[in-house]
Amino acid sequence: MKKKPEKKEHTRNEKYADYVSKISPRGTFKPSLIWAFLIGGLICYIGELLFIMWGKVFPAYDKENIGTLASSSLVFLAAILTGIGIYDKIGNIAGGGSVVPITGFSNSMTSAAMEHRKEGIIFGTCANMFKIAGPVIAVGVALSMLVGTVYWVISLF
Amino acid sequence: MKKQAAAATAGKKQIGQTIFLENAPCIIGSFSVAGKKESEGPLGKTFNKIVDDEYFGEKTHEAAEQQMFEMAIAGAIRDAGLHPEDINMLLSGDLLNQITSSSFAARSFDISFVGLYGACSTMALTLGIGAALVDAGFREKVVVSAGSHFATAERQYRTPLELGNQRPPVSQWTVTGCGACVLSLRENPPKNKSHITGNPRERHTDKCVPRITAVTFGKVRDWGTLDPNNMGAAMAPACCATLVAHFKDTGTTPQNYDAIFSGDLGKLGETIMRDLMANENYPLDARYSDCGRMIYSEKQNPYQGGSGCGCSAVTLNGFIMNKLRSGEYKKILFVATGALLSPVSSFQGNTIPGIAHAIVIES
């Protein structure tokens with residue numbers, strides 16, 4: 001049998017890596033947290049206002065339906081803000097504060113769709129729309145299956 | 001054959017990684033095109049042409065980049081007082097997949113074309129190879145160019161433009177700009193430049209002609225930087241290796257040059273570079289600066305500074321070329337640096353190799 005030639009591994013220069021991580025500037029932790037809290041909180045506040053508003057507009061609807069309406073409105077607003085080039089500026093300041101709420105999901109889809117619209121509707125916009133949001137959906141589906149299974153097992157006893 | 005090779009080394013055409021250009025090709029024309037953000041930076045006044053529209057009047061950013069290349073190449077030929085039919089060869093490169101911007105721009109010129117890729121080091125790569133071709137007498141007049149566009153580079157290497165994410169503080173900002181030079185053995189005869197139209201930024205009083213006297217082609221260095229945002233750290237070892245090889249091959253020290261410019265290491269990379277060179281016993285003083293750090297002001301929030309092929313290309317063909325032509329710089333070293341990564345390689349967990357090529361320009 002032929003012997004496999006030993007592959008020369010590319011070794012990492014650990015000393016250099018340590019030096020670089022020591023010298024590299026880090027994100028400022030405290031201001032980032034405060035901004036994320038403020039803007040993330042503001043988005044949730046707007047969501048709450050929308051919830052109350054839709055509740056007044058459609059008094060016949062139950063809570064779940066009104067909740068859906070409120071989230072859809074937030075998604076719509078974020079998509080508009082992305083389209084006119086404001087959301088990325090908000091995101092630059094807020095960081096996680098504007099990524100975690102549902103508006104961040106809307107932004108990730110809209111921005112990818114806009115970026116690729118010149119490649120056509122099918123292979124550009126549609127194919128690339130979930131480029132960034134895709135992992136969120138995949139993880140969401142997988143986790144909900146897991147949680148569902150756990151619930152089901154618990155319900156057996 | 002062997003005799004020939006021996007003769008070549010005896011005449012000291014090459015030592016180590018460095019080739020010496022006995023005929024010292026002249027840079028007879030140069031042109032730089034830059035975008036809006038670059039024009040607002042400290043070097044804004046040195047660029048030949050500023051285009052405020054990020055689309056350059058085209059429909060896509062890719063077409064804009066191509067348009068930018070055409071502008072720079074045509075501009076450099078015009079600056080040399082020549083016409084495209086006088087040029088024998090075009091060497092060009094950019095950052096996009098399959099270097100489409102360069103090759104698509106080459107459609108507009110009836111000139112033999114060679115596309116080159118050296119990531120952000122492309123300006124030095126095309127300049128070095130072009131100078132070697134001219135020096136050896138294979139080609140009489142060669143145009144070399146390199147450039148990049150912020151929006152196309154973001155799309156290729158990072159995330160959509162409108163995505164609301166935060167950039168890490170070590171990241172850099174890709175320069176929208178393109179630079180081109182015309183190389184020739186013979187100096188420009190003082191031709192009537194009356195056919196040059198339009199731009200008041202174009203210089204008419206050049207005291208000196210910059211000449212390329214030596215080129216050091218670098219080796220790929222990978223010290224294991226994994227973060228694709230931290231390109232300064234990935235490229236600094238390559239830049240250091242090329243500089244050390246250059247100083248050893250030529251028997252010079254940093255003090256022999258009026259200025260040393262690295263391509264796009266950025267603020268952080270420049271600091272690393274100074275430390276690395278001090279370790280190699282070639283400490284760099286105030287003569288050394290980095291194009292990436294120079295091109296934007298602190299106010300413009302470029303994080304660590306500019307990057308991309310365009311960064312070193314517009315700085316060379318703007319700021320540096322002006323100083324060479326006015327005679328302020330007599331001898332400079334231009335080291336453009338490149339991070340040879342692709343989005344796929346980073347996702348697959350590969351480290352980032354760096355490359356750097358050094359060019360000596362005297363005037």
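Modeller: Arg325(B) is buried, with a relative accessible area of 4%. Buried means under 20% relative accessible area, exposed over 50% and partly exposed in between, using a 1.4 Å probe and protein chains only. Bear in mind that this is a predicted model: local features need pLDDT of at least 70, side-chain atom pairs count only at pLDDT 80 or more, and totals for chains, interfaces and linings use all residues. Residues are numbered from 1 along each chain as its sequence is written, chains are lettered from A and ligands numbered from 1 in the order in which they are written, and side-chain values use heavy atoms, with hydrogens and water left out.

Biologist: OK, and which side chain does Arg325(B) meet in a salt bridge?

Modeller: That's Asp79(B), at 3.3 Å, N to O. A salt bridge here is a side-chain nitrogen of Lys or Arg within 4 Å of a carboxyl oxygen of Asp or Glu. Arg325(B) lies in helix α10 (residues 309–326) of chain B and Asp79(B) in helix α3 (residues 61–79) of chain B, so the pair ties together parts 246 residues apart in sequence. Helices (H or I, at least four residues) and strands (E, at least two) are DSSP runs, numbered from the N terminus.

Biologist: Is Asp79(B) buried or exposed?

Modeller: Buried, with a relative accessible area of 1%.

Biologist: How many salt bridges does the structure hold over all chains?

Modeller: There are 13. One of them joins Arg293(B) and Glu270(B), whose closest N and O atoms are 2.5 Å apart. Arg293(B) sits in helix α9 (residues 291–295) of chain B and Glu270(B) in helix α8 (residues 266–279) of chain B, 23 residues apart. Arg293(B) is partly exposed at 31% relative accessibility, while Glu270(B) is buried at 7%.

Biologist: And which residues do salt bridges with shared partners join into one network?

Modeller: Glu119(A), Glu62(B) and Arg155(B).

Biologist: Switching to helices: at what angle do the axes of α2(A) and α4(A) cross?

Modeller: Roughly 135 degrees, and the axes of α2 (residues 29–57) and α4 (residues 87–94) of chain A come within 8 Å. That makes α2(A) oblique to α4(A). Under 35 degrees counts as roughly parallel, over 145 as roughly antiparallel, 65 to 115 as roughly perpendicular and the rest as oblique. Axes are lines fitted to C-alpha atoms, for helices over the stretch in contact, with angles from 0 to 180 degrees between N-to-C directions.

Biologist: Which residues meet there?

Modeller: Trp35(A), Ala36(A), Ile39(A) and Ile43(A) in α2(A) meet Tyr87(A), Ile90(A), Ile93(A) and Ala94(A) in α4(A), where contact means heavy atoms within 4.5 Å.
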